[in-house]
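Thanks for coming, everyone. Let me put the structure up, and then we'll walk through it.

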Amino acid sequence: MIVVRYADDIVVGFEHEADARRFLDMMRARLEEFALTLHPEKTRLIEFGRHAAVRRERRGERRPETFNFLGFTMICGKSRRGKFLLWLKSRRDRLQAKLQAVKEELRRWRHQPIPRQGDWLRGVVSGWFNYHAVPTNTRSLQTFRDCVVRLWLRSLRRRGQRDKTTWERFKRLADDYLPKPRVLHPWPEQRFAVKHPRWEPYAGNPPVRFCAGGAP
């Protein structure tokens, strides 16, 4: 049993389906004792993980379902070597909502000097990257940045009907202000090795060992 918790949102993983169903029934009963209920739309029991794709393919079923947690969509994926890999992708609805907010805010910044707009947008993009720049999410980071660049160009062109800013010229301007997508967070096993006093052979090269009490 593996539990990942943040505030009142949790993900619980089990090796066996029977254990998962028993846990869900017991949790519902426990919450009812305090006049509480599980969120009907957020609570699901799905087949997910290392063996889910293979088992579902054998049964002639579609690939494993995805689920959302802490701003990401969790996907059963594969590494370049064909091994199981948990893919995290920025939630589409959250990304679209953020871009809509940027679009509306650009209307207020439209007539500000370009350097001020660039500095503000640098903070917006950097803030998004600081949270979402996990190892498997580079494509979504690039999508977010590209959309911000296009929104900025569209906003500047609306400042005057005679604006003749070309895409190539503006792209160079955007590169001066907006950071490029890059991974800012380590892989999960690397974070785990730092936080837990145990041997983690996949935490780096060479492996790092943390003994009880935090002494190496």
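Is K171 buried, exposed or partly exposed? K171 is partly exposed, because its relative accessible area is 37%. On this scale buried means under 20% relative accessible area, exposed means over 50%, and partly exposed is in between, with a 1.4 Å probe and protein chains only.

Two words on the ground rules. This is a predicted model, where local features need pLDDT of at least 70, side-chain atom pairs count only at pLDDT 80 or more, and totals for chains, interfaces and linings use all residues. Residues are numbered from 1 along each chain as its sequence is written, and side-chain values use heavy atoms, with hydrogens and water left out.

Let's stay with K171. Its salt-bridge partner is D175, with the closest N and O atoms 3.8 Å apart. By salt bridge I mean a side-chain nitrogen of Lys or Arg within 4 Å of a carboxyl oxygen of Asp or Glu. Both K171 and D175 sit in helix 6, residues 167–177. They are four residues apart, about one turn of the helix. Helices here are DSSP runs of H or I with at least four residues, strands are runs of E with at least two, and both are numbered from the N terminus. D175 has a relative accessible area of 29%, so D175 is partly exposed too. There is also a network: salt bridges that share partners join E47, R56, R59 and E61.

How many salt bridges does the structure hold? The count is 13. Side chains of opposite charge can pair when their charged atoms come close.

Take R44 and E65. Their closest N and O atoms are 2.9 Å apart, and they form a salt bridge. This pair links distant parts of the chain, 21 residues apart. R44 is in the loop between helix 1 (17–32) and helix 2, while E65 is in the loop between helix 2 and strand 3 (67–69). R44 is at 42% relative accessible area, so R44 is partly exposed. E65 is at 36%, so E65 is partly exposed as well.

E47 and R59 meet in a salt bridge at 2.5 Å, N to O. E47 is in the loop between helix 1 and helix 2, and R59 is in the loop between helix 2 and strand 3. They are 12 residues apart, and the pair links distant parts of the chain. E47 counts as partly exposed because its relative accessibility is 24%. For R59 the value is 45%, so R59 is also partly exposed.

Next, the spaces. A search of the whole structure finds one cavity of 30 Å³ or more. The largest cavity has a volume of about 90 Å³. Its lining is K103, L106, R107, R110, L151, R154, S155 and R158. Helix 3 (92–109) and helix 5 (138–157) are the elements that give two or more residues to that lining. By class, the lining of the largest cavity has two nonpolar, one polar and five charged residues.

A definition, then. On a 1 Å grid over the protein atoms alone, a cavity is a set of points where a 1.4 Å probe fits but cannot get out; a pocket is an open set with protein on both sides within 12 Å along at least five of seven lines; lining residues have an atom within 4 Å of a point. Grid points are joined across faces, edges and corners, and a volume is the space filled by probe spheres set on the points. As for classes, Ala, Val, Leu, Ile, Met, Phe, Trp, Tyr, Cys and Pro count as nonpolar, Asp, Glu, Lys and Arg as charged, and the others, Gly among them, as polar.

What about the second largest pocket? Its volume is about 460 Å³. Of its 19 lining residues, A53, R63, P64, C76 and G77 are the closest to the centre. Helix 2 (52–58) and strand 4 (72–78) each supply at least two lining residues. Strand 4 gives the largest share, five residues. The lining of this pocket has six nonpolar, five polar and eight charged residues.

V11 is in strand 2. V11 is at 25% relative accessibility, so V11 is partly exposed. Q117 is in helix 4, residues 114–132. Q117 counts as buried because its relative accessibility is 0%. The C-alpha atoms of Q117 and Y177 are separated by 9.2 Å, and the two residues are 60 apart along the chain.
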